[in-house]
Amino acid sequence: MAASPVIRLHANDAVLIARASLMPGVEVSPGVVTSERIPAGHKVAIRPIAVGEEVRRYGQIIGFATQPIAPGQHVHTQNLGMGDFARDYAFGVDVKPTPNFDLPASFMGIRRDDGRIATRNYIGILTSVNCSAHVASMVADVFKKNPFTGHNPLENYPNVDGVVALTHKTGCGMTQDEPLRLLRRTLGGYARHVNFSHVIVLGLGCEINQIGGLMEEQKLAGRLREMQIQEVGGTRKTTEAGVAFVREVLEDSNKAKRVEVAASELIVALQCGGSDGYSGISANPALGAASDILVRHGGTVILSETPETYGAEHLLTRRAVSREVGEKLVGLMRWWDAYCEREGAEMNANPSPGNKAGGLTTILEKSLGAMAKAGSTNLVDVLNYAEAVTKKGFVFMDTPGYDPVAATGQVAGGANLVCFTTGRGSVFGCKPAPSIKLATNTPMFRRMEDDMDINCGTILDGDESVEACGQRIFAQMLKTASGAPTKSESFDFGGAEFAPWVLGATM
């Protein structure tokens, strides 16, 4: 039996989703035929919708009609817009027990001397300021693997995954309060990250983000080596000293061995980028199913991208384990409202042009699909950007919606694995944490197979359930955490994508 040309997500929805591009005259519901072309992943109305009337998808409000919409019409930016509506936060009403599995899953992880578990083993070069970025990159380039020629300067150190320079565009010309603290918290999280065996931080010497202040504020004394270009004597001498540091610690780093550990040691960053109309139907709910499995095994998942939760936050507050946790999430939304007003922006500036081309219309619609990545378990904590994750289960971290900035905060918080869903086809890595790419649809997966790890388009194709795909994703989490390289790692992605959140004025 052929699959229906449309997907119905909830009985109360006024719109259906085109499984593939539909031409005029296609029956999408009894007595309703398309009156115009409906692009793949886009919405088609199945009943009349009056101006100002709410439009629902997933059974939830995604916007309001800006002009009359007839059955069979394409529903998108030309006739659907934002609007305000009351949210019932109902703190904690959906909290329920999350029973653990009797036989916990395991993977082959790297146990550090302090007992923490790593999924990768890198040597890291951090920078206090952009002025030291090039020198840091020159040090890392000496040890860089070439994914195309196979040349590997670290071939005698098989247990070292690489040497990575994490550079950024700030560290000076900034105000001395919140932006500086935010940068230092991010750098401190990376300096302590379990996937680094050794870390050196390079500075210029005269920047606002003084290494001494960073070390004191983040309590990093004894955890990493530091060098100032002005003190060492310039570019050549600092590069030589940085290379000497790496060579000095390679033998020790190479002693890392993988041992069997419980899946509860995984902290997984949940990300989506280049989303489309299928993201909330296939890859995101499948990742949500995998998230539920990991939480039941005692592990942790981090949902972020606060602007891409806007309008759906009331569905998360219902799962908050306490009113305090739920109120903190609501407080983040109010901060973002004030931030947008101060900057002359609006929340609905997101979705991006690519998101809209893929079928997403408003931030409300995007948020409802994005939050599916977190599954159905209780919300146990809400964190500020780059704060350390200390609780097991489903936690939320405040970040922008921009993927590199969001993932940087999550990894700074301790994520040792990233799962990244994409419908349009994002290419992304996030060293030192490996990044698993999940495609929402089969055509894109086939077109970009060199970059995608898992095809969740099987759900749309009718070949697999959301739950079965979630089981596949969970199995891939364990495999990747055990050392199997991801597609992005095969291209050495993950250094250039380091992007701390920049707040405040540049002076």
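**Cysteines and a helix pair**

Modeller: Let's start with Cys 272, which is buried, with a relative accessible area of 2%. Buried means under 20% relative accessible area, exposed over 50%, and partly exposed in between, using a 1.4 Å probe and protein chains only. This is a predicted model, where local features need pLDDT of at least 70 and side-chain atom pairs count only at pLDDT 80 or more, while totals for chains, interfaces and linings use all residues. Residues are numbered from 1 along each chain as its sequence is written, and side-chain values use heavy atoms, leaving out hydrogens and water.

Biologist: How many disulfides does a search of the whole structure find?

Modeller: A disulfide is a covalent bond between the sulfur atoms of two cysteines. The cut-off here is a pair of cysteine sulfur atoms within 2.5 Å, and the search finds 0. The closest cysteine sulfur to that of Cys 272 is in Cys 419, 12 Å away, which is too far for a bond.

Biologist: And how do I read two helices together?

Modeller: Two packed helices are described by the angle between their axes and the distance between the axes. The axes of H2 and H11 come within 8 Å and cross at roughly 55°; axes are lines fitted to C-alpha atoms, for helices over the stretch in contact, with angles from 0 to 180 degrees between N-to-C directions. Helices are DSSP runs (H or I, at least four residues), numbered from the N terminus.

Biologist: Which residues make the contact?

Modeller: Thr 186, Gly 189 and Tyr 190 of H2 meet Ala 407, Thr 408, Val 411 and Ala 412 of H11, where contact means heavy atoms within 4.5 Å. In H11 (residues 403-412), 10 of its 10 residues are buried.

Key: Helix = DSSP H or I, 4+ residues; strand = E, 2+ residues; numbered from the N terminus.
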